[in-house]
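Subject: Structure for your review

Dear colleague,

Please find below the structure that I am handing over to you. My notes on what was found in it follow.

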Amino acid sequence: MNSVNNCLLCGVGGQGTVLASRLIAFAAMEKGMDVRTAETIGMAQRGGCVASHVRVGKNIDSPLIPKGTADVIIAFEPAEAVRCISYLKKGGTVIVNDKAVKPVTAALMDSGYNGEEMLDYLKCNIENLTVINGDEIYGKCGSFKVLNTVLLAAAARSGALGISKEELESAVLKLVPSRFHEINLKAIEIVYENK
Amino acid sequence: MELKKEFLMGNEAIALGAIHAGVNLVAGYPGTPSTEILETVAKRNNGDIYVEWSVNEKAALEVAAGASYAGARTLVTMKQVGLNVASDPLMSLAYVGIKGGMVIVSADDPGPISSQTEQDTRHFAAFAKLPVFDPSSPEEAYDMIGDAFEYSEKYNTPVLFRPTTRVCHGCASVKVNENIKKNVPEGFIKDTQRWVIFPRTSYLNHLKIENRNPKIGEDFSSYRFNWIEDCPKEGAESGNWLHIAASGISYAYLKEALKCMGDNISRNVRILKIATAYPFPEKLALEFLKDASEVLVFEELDPVVERELVYICGKHNLKVTVKGKSDGTVQAAGENSVESVQSVLNSLLNINYGEDVSGDIPPMPARPPVLCAGCPHRASFYAVKQAAKGKKAVFSGDIGCYTLGNSQPLDMVDTCLCMGADVTIAQGIHRIEPDTLNFAFIGDSTFFASGITGVINAVYNKTDMILIVLDNSTTAMTGHQPHPGTGVTMMKEISQKISIENILKAIGLAYVKTVDPFCLEEAVAAVKEAAGKDGVRAVIFKSPCIAISKPLKKFNVSKEDCIGCKKCIRELGCPAIVRNGGKVEIEDSLCFGCGLCTQVCPKGAICSSDKEGNLK
């Protein structure tokens, strides 16, 4: 692993990117690493585009990841992955949820946006790409709320996050309310069991 | 001693720094990006600190001033536009001074990301003649807040502290000192010469301030967060320094950019890092400027450091070119970033670092922020829109989530200016256009903060308007803070719930009615009834924010019954209602079960569904 690991989490306000970035930061701090992050908080949280920058390592100055240096992009939504793609370093990893969040503007203008064009672009251009079937995970876990844990688990499994399965599990136990422990741990298992 | 490291958001670091500095009283009004400071003090309060959300920033600053007169260390928190509201007490307090240390945090928002303006609190500091601290990271903010209290007491003056969004909402591993300084306030000691502002004393105090501030500037020249930093480059021509000044988060971007650009820059770099733009550390700046011929300045918002450097060069007859915002070298507005710094260095040094990665990226859908699915404001706006159909009407809006009522398809916000202005703007429009129905939309927290005086103005001056209070029982946009209508305080005490309806009745409005906006028929009827009367009328739409209530049930669309007319999409713009082919679907993960769409669908095709999304 590099001396600095940059992880960009992006999605739509309300999807849980902030908690996901906290989980990475916690896991890294537990290992004695320094962490610097930047979050989107405020008006954009109401269904707008949000991004959390998480940087792990020594002597990091900027809270925002410089473009072209992200080791991994964890995208909660296909178009948001594409929107942030300039942050990815050459050969970087992208984990993307395949379920599109259709904006109100798309419904009003009947743009037909369903995320497929975005996924096609990613498939053609990103070598290290993991597409997560959001609906399938929901089906297995029975909740929409585990999306962030699922994506993190996929990133951890790819090796690009610099965090192990066990470290992620202990971060979940520490930061997530106890009534959601079981479902989140189950989500991690499902990701690791998937071929 | 090895200090403990905590992972803290900048705002949490500021709060903790203040707690460890022995703050006795904290008052503020919520505003992004400052809100979490006061919330963190309340959360980590060991019981010794008095914390309140005040009714607005002016009240907060005055409460703190009183406590400070009595010897307490006080912290006041707000966003930059809040400082405009608090500017009346601020300007006078600058003359009167304080006893207990007083730090006023006014968080600036370059971008702006969540604000009306890109105003710069450092200018406000110079205008009010108050020292200002400008941290470049959460770590620095933690240490600096303690310093701010020390300087405040050393010079008996309130001081300003202005973090920016990326410091407030950035997190870092911060070394924290767990000792809490004990500060026991002496109490208020009467002294009319000191605490009563009069023209004569103001003249004398003005002289004192003008005499004092250059001394603070001198003091700041050796302040630990102002420094000159040399970054020599191996093999570079000696003496050929590239001089760059930076302040706040721009310093972090500069350092990162230099690291990224590495050997692309072949010159030695000398940095002047400024944490106190006012009073300016002139001595330190002169040391930096002594063998410079050109200085580049990176800072966000206004060119404050830049102009100070130009002034010093003029004053000391130095032949130095200062490049920055004023000459167009650096962008005049918006946020800086590592990339923006790199691009300036690229063009200035004639190098070409970084590459264009745009390529053939497909067009992405626009995603402006919208009212949440299930938001009661959507129902309220829709009810007013229905009631005002075919009538000449202007809809004045205000600051809060409900500003988002301006977006399509609701399109129900014609004006938005500042906190409370909807009520009074409506009156002004009505004076010039008396045949127009004037609606003013105001949220509950905004009503308490600065709406009441506008309503009194309307009744006193016998205007004609319809006030629509959007009461969702919280301060939603900033993250659900309590306010006078909620009946709880930041000291976790139960307080009297102040009734908006009773206030309006006491003011003497011609018509006041409270309705649930989700009972669409009743809501439209109430607005129509109000519109049919004269004078100042009010409809209070009362329904809690979805973030503080639980979803009741879910709704879904019957594929057989949906005729694909899209009325629900065209009229409501709910993010949970999406197109699928020729028909409409409800996104189960977003639906909150408000049921507004069921009252709009002409075919009754939207029904409540079970947990799996199957129609019942």
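Which side chain of opposite charge is nearest to Asp422(B), and how far away is it? The model is a predicted one, and in it the nearest such side chain is that of Arg537(B), 14 Å away. Asp422(B) is buried yet takes part in no salt bridge. This residue belongs to helix H16 of chain B, which covers residues 421–432. Beyond its neighbours within four places in sequence, Asp422(B) is in contact with Ser396(B), Gly397(B) and Asp398(B), and also with Ala440(B), Phe441(B) and Ile442(B).

Chain B as a whole

Chain B contains 20 helices and 22 strands. The C-alpha trace spans about 80 × 70 × 55 Å along its principal axes. Of the 616 residues, 59% are buried. Of the contacts between residues at least 6 apart in sequence, 79% join residues at least 24 apart. The chain exposes about 25,000 Å², with carbon and sulfur atoms supplying 52% of that area. The mean positions of its 64 positive and 72 negative charges lie 4 Å apart.

Helix H5 of chain B

Helix H5 (residues 87–96) has as its buried residues Ser87(B), Pro89(B), Leu90(B), Leu93(B), Ala94(B) and Val96(B). Among the elements that cover them are helix H3 (57–69), strand E5 (102–107) and helix H10 (199–220) of chain B. Gly97(B), which follows H5(B), has a positive phi, near 85 degrees.

Salt bridges

Over all chains, the count comes to 46 salt bridges. In chain B, Lys154(B) and Asp219(B) meet in one of 2.6 Å, N to O. Lys154(B) lies in helix H7 (residues 138–154) and Asp219(B) in helix H10, so the pair ties together parts that are 65 residues apart in sequence. Lys154(B) is exposed, at 53% relative accessible area, whereas Asp219(B) counts as buried at 15%. A network of salt bridges links Asp108(B), Asp120(B), Arg122(B), Asp134(B), Arg162(B) and Glu299(B).

In chain A, Arg83(A) forms a salt bridge with Glu80(A), and the closest N and O atoms are 2.9 Å apart. The two are separated by about one helical turn, because they stand three residues apart in helix H2 (residues 78–83) of chain A. Arg83(A) is partly exposed, with a relative accessible area of 29%, while Glu80(A) is buried at 1%.

Yours sincerely

Technical notes. Residues numbered from 1 in each chain as written. Chains lettered and ligands numbered in written order. Heavy atoms only, no water. Helix = DSSP H or I, 4+ residues; strand = E, 2+ residues; numbered from the N terminus. Buried < 20%, exposed > 50% of the residue type's maximum accessible area, 1.4 Å probe, protein only. Lys, Arg positive; Asp, Glu negative; His and termini not counted. Salt bridge = Lys/Arg side-chain N within 4 Å of Asp/Glu carboxyl O. Contact = heavy atoms within 4.5 Å. Areas by Shrake-Rupley, 256 points an atom, 1.4 Å probe, with all protein chains shown as cover. Charge placed at Lys NZ, Arg CZ, Asp CG, Glu CD.
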